[in-house]
Amino acid sequence: MFDEYKVGPRNAITDVAGLRVGHAAYTDTGAMTGTTVLLGPVGGFVAGVDVRGGAPGTRELDALDPRNLVPRVEAIVLSGGSAFGLDAAGGVVAWLAEQGRGFPVGTEPHQVVPVVPAAALFDLGRGGDWWRRPDAALGREAVAAAAAEPEHAVVPVGSVGAGTGAMVGGIRGGLGTASVVLPGGVTVAALAVVNAAGSAVDPVGGLPYAAGLGLPGEFPLAPPAHAEHAAALARAAEAAQDPPSLNTTIGIVATDAVLTRAQAQKVAGVAHDGLARAIRPVHTLYDGDTIFAVSTARVPLPAHDHTTPYGVNAEAAALTLIHAAAADVFARAVVHGVLAAKRGGARPAYQDLYPNATARYGG
């Protein structure tokens, strides 16, 4: 069954029709931080969220609770800057309000309240200046960049947007994305910003933990030679912080399958299984790991009255395939984020440590 899966056309979250991604960053003197916005179609998308880390920085998550009022949101913000970086969502809210996009609270088109959930990672001071962090102006720049992209645009990855100042296990983290098209045509995709206290690299063999989850040809990595691996371990240990800084991996899983808010929340939860396959340890007290799930609701699930040969409701069977795909696609997005990251200051990236292993990887 799983050998029938295939990578989406761009291997990106924008393979889900209607979704656009915009990045913005501060990289001037003393700055190494940024913001990424996932912008939905006009009218928004269904969304859920699951938080597993011990030090989350979040905004408007209660709005995604299936028991609460707002049925759809127009955008989700991922940002650096820890709790300060949540200010970036204010710029997105203002931009959406100007477009008349949000939850209607009156009879006039402009009488809307945009609800914009957000999660932040810790990258304070990584460019040298503790006071440089994402703000409303950067959030506005990121959402405007998303709106300017055509549908199905390629998503820049690595040390961009919210991944600009990211680190993982003493080396540079980054932003990655991946997608899969399931038998039957449902697309499941992910966007991950890798910034973890744990490591994404297997210390035994030197390859990313989740590289084996790649679809055919996705991760053309060569196992590093002993000398390359030994030198990489030494450099990574030298660059690592002790005790580790606060961190947090944040991200989004998206699908075009029709999901309720409760079903989206479940997808967000199982996506954390993929995070656990890609980073060790995960969900620590140093991390605020938060994953959103969104549905653009374009591909109906099977009708309720159909059954599988096992007597399971067909909708439940279809959801189970989406759950399995969500975990794997998020893990693959983590690997792309690590492989595409660039050196930042004194912090080496994976491709710096393993140049021979990554020689055939094109991102």
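Strands E1 (residues 20–26) and E2 (residues 33–39) run antiparallel and share seven bridges; two strands count as paired once DSSP finds at least two bridges between them. Strands here are DSSP E runs of at least two residues and helices are H or I runs of at least four, numbered from the N terminus. This is a predicted model, where local features need pLDDT of at least 70 and side-chain atom pairs count only at pLDDT 80 or more, while totals for chains, interfaces and linings use all residues. Residues are numbered from 1 along each chain as its sequence is written, and side-chain values use heavy atoms, with hydrogens and water left out.

Six residues sit between E1 and E2 in this hairpin, and Gly-30 in the turn has a positive phi of about 85 degrees. Across the pair, Ala-24 faces Thr-35 of E2. E1 is mostly covered, with five of its seven residues buried (buried is under 20% relative accessible area, exposed is over 50%, partly exposed lies in between, with a 1.4 Å probe and protein chains only).

H3 (136–148) has 13 residues and spans 18 Å from first to last C-alpha, close to the 18 Å expected at 1.5 Å a residue (the expected span is 1.5 Å times one less than the number of residues). Its buried residues are Leu-138, Gly-139, Ala-142, Val-143 and Ala-146. They take up an arc of only 130 degrees around the axis, so they fall on the same side of H3; that arc is taken from the directions from the helix axis to the C-beta atoms.

Where does Trp-131 sit? Look in the loop between strand E8 (118–120) and H3. Trp-131 is exposed at 65% relative accessible area, and together with Phe-84 and Trp-130 it makes a nonpolar surface patch with about 400 Å² of accessible area.

Most residues other than glycine have a negative phi, and most peptide bonds are trans. Thr-248, in the loop between H4 (226–239) and E13 (250–257), has a positive phi of about 105 degrees without being a glycine. Thr-248 is also buried, at 2% relative accessibility.

The loop between H5 (261–278) and E14 (290–299) holds Pro-281, which is joined to Arg-280 by a cis peptide bond with omega about -15 degrees. His-283 lies in the loop between H5 and E14 too; His-283 is not a glycine, yet has a positive phi of about 60 degrees. With a relative accessible area of 24%, His-283 is partly exposed.

Note on methods:
Patches are made of residues with over 30% relative accessible area and no salt bridge: like charges are joined within 9 Å, nonpolar side chains (Val, Leu, Ile, Met, Phe, Trp, Tyr) within 5 Å. Accessible areas come from the Shrake-Rupley method with a 1.4 Å probe; for residues, only the protein chains shown count as cover. A salt bridge is a side-chain nitrogen of Lys or Arg within 4 Å of a carboxyl oxygen of Asp or Glu.
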